[in-house]
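Here is a friendly look at some strands and how they pair. Please have the model open as you read.

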Amino acid sequence: MIGFSEAIGLIETGVGALETEVTAIDQAYGRVLREDLLARSDAPAAPVAAMDGYAVNSAALAEHMGFAVVAEARAGGARRLHIGKGEAARIFTGAMLPEGADMVIMQEYARLEQGRVWFASGHGPARHIREAGSDFTRGTVLVPAGTCIDARQLVLCAAADRAEITVSRRARVAILATGDELAAPGCAHGRPGTIPESISLPIAGMAESHGASLVGRKIVPDDRVRLAEAADALLQVSDLLIVLGGASVGDRDYSKEVLQELGLELIFSKVAIKPGKPVWFGRAGPRAVLGLPGNPTSAMVTATLFLPCLLARLHGADRVEPWQTLRLAEALPRTGMRETFVRAIRQGDEVAPLDNQSSAAQLAMARADRLIRCPAGQQALPPGTPVQTIPF
């Protein structure tokens, strides 16, 4: 067995980024940018008003009691206006500042009578102008390559005046669940000896939430021929095949053997973690293959630990360190000989371990929203101890 950190390192070095494609920015949310996003022009392109009011030349304020209002500037106007020293322009937020003006006085300080405007004291010293290029200038890298586009970056994509951007193709993910005991949800109650297959759907959702596209999902019994047929078909259409179950040492745990017959090269076959020791990873030609345990809790824990990293590599995303330090709300028992990931519930800046840590406890697992990372052989920890956690 290898350690958790070593396994993550092998995934990061064993997987390359998929090819790129160009997408419209209205389809870019959640995609990974593969080329630096550059500003097409300065923002703003010319000085603009930051408030509604009147544009004037500040040097004329001491010379003129009232200013002749000679123009009106609105946002979107294509032509830049001009005013003289004793003149003012009615101006609205976002409008280009007229030439000759260097100040916008807010309308709250203005009194307009018969085409002239007077200003009350107290309006300065702020000039209420956004200078040309004060936000960013042409050629500025607004979003670097490797960034996953979220709502904030989408603002910059549009602000850069780009209708299209270059992103990674979505990873095509297929899921193969194995086990004689498995039945599709809704069918197990009528088939004695079976249980609902409860892992593939949440794993599919997790993959899609990290930018992947689900291209296939199959449930097959522990039959070598049927397993080989299903695995081969899914490999043909996917970039990543996730195999659920069949990874232990039972007489009918065929997954790795069958995949090896189809060209799988194992990169690691077990990891010294609890739960989830049977997790494995390899490549079948250009396809990545991730094997998760068949136990629902073990599968969900290992998917949380390994799948985001794997999909980030396929999408060419920058590595994001997911671990966050919180303090224990309750005591944590000592850890055994494997690195352990304890299901827990976050409570503000603290985290409370669940009492039920059984790998078979699906209801208890579903209550958890954090995993606490515990090194092998860690002694019992008292409340208040800082620990590493990850969202679950």
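Strand β4 (residues 53–56) runs antiparallel to strand β6 (residues 87–91), and three bridges link the two. Strands here are DSSP runs of E with at least two residues, numbered from the N terminus, and two strands pair if DSSP finds at least two bridges between them. Within this pair, A55 sits opposite A89 of β6.

Both strands belong to an open sheet of six strands, ordered β7-β4-β6-β5-β9-β8, with mixed pairing. At its edges lie β7 (103–106) and β8 (110–113), each of which pairs on one side only. On average, neighbouring strands of this sheet are turned by 40° against each other, direction ignored; the axes are lines fitted to C-alpha atoms.

## About the model

This is a predicted model, in which local features need pLDDT of at least 70 and side-chain atom pairs count only at pLDDT 80 or more, while totals for chains, interfaces and linings use all residues. Residues are numbered from 1 along each chain as its sequence is written, and side-chain values use heavy atoms, with hydrogens and water left out.

β25 pairs antiparallel with strand β23 (residues 339–347) over five bridges, and four bridges join β25 to antiparallel strand β26 (residues 386–391). R373 takes part in both pairings: F341 stands opposite R373, and Q388 is the bridge partner of R373 in β26.

How values were computed:
Axes fitted to C-alpha atoms, helices over the stretch in contact; angles between N-to-C directions.
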